[in-house]
Amino acid sequence: MTSSSQPSHYTTPFMPQISTTAAAIQPFHVMKILGEAKALEAQGKEIIHMEIGEPDFPSLDCVHDAAYKAVKQGLTHYTPTLGLPALREKLAQFYSHFYQAKVDLQNIMVTPGSSSALQLVLTAILNPSDKVMLTDPAYPCNRQFINLLQAQQVSVPVSHETNYQLNLSLIKQHWQEGIKAVMVASPANPTGTVIEQDELVKIAHFLAENNAYFIVDEIYQGLVYERPAESILSSTALPENVIVINSFSKFFGMTGWRLGWTVAPTHLMPILDRLGQNLFLAAPTPSQYAALRVLDSDALEQLEKRRQIFEKRRNTLSKAMIEAGFRLKGLPQGAFYLYWDVSEYTDSSEQFCAELLRQTGVAITPGLDFGEFEANKHVRLAYTTDCEQLKLAIQKITAFIKNT
């Protein structure tokens with residue numbers, strides 16, 4: 001056969017397939033809203049961004065300087081999987097000074113974002129037959145991590161009547177055989193609510209008695225209002241089932257640096273180390289040197305000023321909404337979100353958000369992203385823009401509702 005008669009390529013049929021586990025993972029709807037908002041901006045439309053859960057402030061200048069210095073010094077090689085020893089020590093000191101909590105650096109693991117920390121923790125403790133209890137609504141990726149591990153969710157519907165949080169009574173009411181862990185977030189996304197310290201401790205002890213872990217998401221700790229910042233780790237005599245997830249993204253304003261950490265019981269640290277070695281090897285080295293700097297006292301003072309700005313924004317947004325005649329079921333106690341019941345105006349929060357964006361340029365997130373319970377009745381407003389923009393957004397929402 002001559003070369004000219006050779007086929008130019010093979011034509012064997014191939015049917016692409018993906019795993020059933022991956023196929024079941026739901027999209028993050030806020031990213032769709034963000035994409036549509038960005039597309040409208042590219043067309044020249046003015047957009048008020050209240051959809052994305054990201055501080056609008058850039059990371060601190062001292063953070064940039066520290067990363068630049070590390071790179072100039074050639075500090076760009078792998079760190080140990082558990083993290084830069086100096087950063088783990090600095091985090092232990094941070095817990096002591098900021099929360100009056102005694103945390104051993106040997107129980108701290110630095111990760112590429114808090115999502116990696118949660119993925120590691122769940123991988124370390126869950127088998128496919130295990131169950132995890134969490135709230136509905138809740139941060140959507142938590143559910144997807146559970147699904148990826150082929151474990152089962154025990155979703156507990158929560159409302160303003162329980163501050164959109166689990167408590168010991170609800171946990172006992174919904175308890176099932178096979179629950180391996182309970183997950184909470186304080187402050188929570190999307191509601192901005194917190195769980196009081198004494199309730200957290202009661203839950204921890206109940207779960208220990210039932211041989212279950214207590215995973216506490218504290219990534220918005222520090223961003224709390226009219227109350228001191230608290231960690232469950234501030235409590236004494238905690239059982240060995242408490243796992244804390246935290247991040248440099250929200251309070252510390254380092255979203256794109258992709259750095260988080262977990263504080264875990266001693267017996268879990270070797271397996272977390274082994275999992276990290278295989279899944280990501282180590283967190284980004286320049287980010288770790290940058291984080292060392294953000295934990296210094298002068299940087300924390302700057303972050304406190306930003307916290308005060310978020311508190312002012314919360315007050316501005318809630319006042320504007322109340323003055324416009326909107327009913328609120330309480331103020332956020334932390335984070336930078338307000339979860340709003342819009343059932344007076346729509347039976348589809350997704351359609352409400354889509355039309356609001358197209359007609360007014362105000363981008364907010366439908367409750368569909370956060371669960372199923374009353375999802376069509378709720379939207380999330382992120383006060384991650386300045387006060388004037390927040391007031392303008394409420395004016396636009398008011399006009400939109402009047403015209404629909």
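In this predicted model, W340 has a relative accessible area of 1% and is therefore buried, since the limit for that class is under 20%. The ring of W340 forms a tilted aromatic pair with Y345, at 6.1 Å centre to centre and with 55° between the planes. Y345, at 27% relative accessibility, counts as partly exposed, whereas F326, at 7%, counts as buried.

The structure holds 24 aromatic pairs. One of them joins F326 and Y345, whose ring centres are 5.9 Å apart and whose planes lie at 80°, so that the pair is edge-to-face. This pair links distant parts of the chain, 19 residues apart, with F326 in the loop between α11 (297–323) and β9 and Y345 in the loop between β9 and α12.

| Pair | Centre to centre | Angle between planes | Class |
|---|---|---|---|
| F326 and Y345 | 5.9 Å | 80° | edge-to-face |
| W340 and Y345 | 6.1 Å | 55° | tilted |

Elsewhere, F94, Y95, F98, Y99, F248, F251, F252 and W261 form one aromatic cluster.

The next topic is the sheet. Strands of a sheet pair through backbone hydrogen bonds, either parallel or antiparallel. Here three strands form an open sheet in the order β9-β12-β11, and the pairing is antiparallel. Because β9 and β11 stand at the edges, each with a single partner strand, one side of each is left without a neighbour in the sheet. Strand β9, residues 337–341, is joined to β12 by five bridges, and among these contacts along the strands L338 has L381 as its bridge partner in β12. Strand β11, residues 365–366, pairs with β12 over two bridges, with T365 standing opposite R380.

How many of the five residues of strand β12 are buried? Five of the five residues of this strand, 378–382, are buried, so β12 is largely enclosed by the rest of the structure. The burial extends to both faces of β12: H378, R380 and A382 point one way, V379 and L381 point the other way, and all are buried.

Helix α12 covers residues 349–360, and at 1.5 Å a residue its 12 residues should span 16 Å, which agrees with the 16 Å between its end C-alpha atoms. The residues S349, F352, C353, A354, L356, L357 and T360 of α12 are buried, and the buried residues of this helix pack against α2 (29–42), β10 (362–363), β11, β12 and α13 (387–402). Just after α12, G361 takes a positive phi of about 80°.

Helix α6, residues 140–148, has P140, N142, R143, Q144, F145 and I146 buried. The buried residues of α6 pack against α5 (114–125), β3 (131–136), β4 and β5 (179–185). This helix is followed by Q150, whose phi is positive, near 60°.

Two loop positions remain. Is S159 buried or exposed? With a relative accessible area of 17%, S159 is buried, because the class takes in values under 20%. S159 lies in the loop between β4 (152–157) and α7 (168–173), and, leaving aside its neighbours within four places in sequence, S159 is in contact with Y164 and F373.

E54, in the loop between β1 (48–49) and α3 (61–72), has a relative accessible area of 35% and is partly exposed. Which residues are in contact with E54, leaving aside its neighbours within four places in sequence? They are T255, F336 and T384. E54 and T360 are 306 residues apart in sequence, and from C-alpha to C-alpha they are 22 Å apart in space.

Key. Residues numbered from 1 in each chain as written. Predicted model: local features only at pLDDT ≥ 70, side-chain atom pairs only at ≥ 80, totals over all residues. Heavy atoms only, no water. Helix = DSSP H or I, 4+ residues; strand = E, 2+ residues; numbered from the N terminus. Buried < 20%, exposed > 50% of the residue type's maximum accessible area, 1.4 Å probe, protein only. Contact = heavy atoms within 4.5 Å. Pairing = 2+ DSSP bridges. Expected span 1.5 Å × (residues − 1). Phe/Tyr/Trp six-rings, centres within 6.5 Å; stacked < 30°, edge-to-face > 60°.
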